[in-house]
Amino acid sequence: MAHRIMIVDDAAFMRMMIKDILTKNGYEVVAEAADGAQAVEKYKEHQPDLVTMDITMPEMDGIQALKEIKQINGSAKVIMCSAMGQQSMVIDAIQAGAKDFIVKPFQADRVLEAIGKTLS
């Protein structure tokens, strides 16, 4: 059975890029969210195997959403995505429980490596 993944990013084209990489490699994208608040609601609804989470978003940022998802499911697997130059946020994300992080712009092999490692 394909691993079920939720993609969270406020930029629709970024969600589309990640979805494209994942679906071409046998993953099932079960939900997408455009901000952290939506991510928390959709996480409860879909209980995905893994979440890719942008850090910088309106409403609720990725780190806050990560903390809330971890409260719902302590073993949730979340990979953070950030643009260059957000090192301090990446450290905050790892401390909050993120399993890995991917830097934008995405390289397909790096996305797949991070997801494969996190799900194994």
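In the predicted model, arginine 110 lies in helix H5, which spans residues 108-119. This arginine is partly exposed, with a relative accessible area of 26%, a value that falls between the 20% limit for burial and the 50% limit for exposure. Leaving aside residues up to four places away in sequence, arginine 110 is in contact with Asp100, Phe101 and Ile102. Between arginine 110 and methionine 89, the C-alpha to C-alpha distance is 19 Å, at a separation of 21 residues in sequence.

Apart from residues up to four places away in sequence, serine 82 touches Ile55, Val90, Ile102, Val103 and Lys104. Serine 82 belongs to strand S4, formed by residues 78-82. The relative accessible area of serine 82 is 2%; serine 82 therefore counts as buried, since the limit is under 20%.

Strand S1 comprises residues 4-8, and four of these five residues are buried, so the strand is largely enclosed by the rest of the structure. Strand S2, residues 28-33, pairs with S1 in the parallel sense, and five bridges connect the two. Within this pairing, isoleucine 7 has glutamate 32 of S2 as its bridge partner.

At the level of the whole chain, the protein contains five helices and five strands. Their order along the sequence follows the pattern β-α-β-α-β-α-β-α-β-α. The radius of gyration is 13 Å, close to the 14 Å given by the globule rule for 120 residues, and the protein is therefore as compact as a globular protein of that length. Taken along the principal axes, the box filled by the C-alpha atoms is roughly 30 × 30 × 25 Å.

Of the 120 residues, 47% are buried. Among the contacts that join residues at least 6 apart in sequence, 61% are between residues at least 24 apart. The protein exposes about 5,900 Å², of which 52% is supplied by carbon and sulfur atoms.

Conventions. Residues are numbered from 1 along each chain as its sequence is written. This is a predicted model: local features need pLDDT of at least 70, side-chain atom pairs count only at pLDDT 80 or more; totals for chains, interfaces and linings use all residues. Side-chain values use heavy atoms; hydrogens and water are left out. Helices (H or I, at least four residues) and strands (E, at least two) are DSSP runs, numbered from the N terminus. The radius of gyration is taken over C-alpha atoms; the globule rule is 2.2 Å times the number of residues to the power 0.38. Buried means under 20% relative accessible area, exposed over 50%, partly exposed in between (1.4 Å probe, protein chains only). Contact means heavy atoms within 4.5 Å. Accessible areas come from the Shrake-Rupley method with a 1.4 Å probe; for residues, only the protein chains shown count as cover. Two strands pair if DSSP finds at least two bridges between them.
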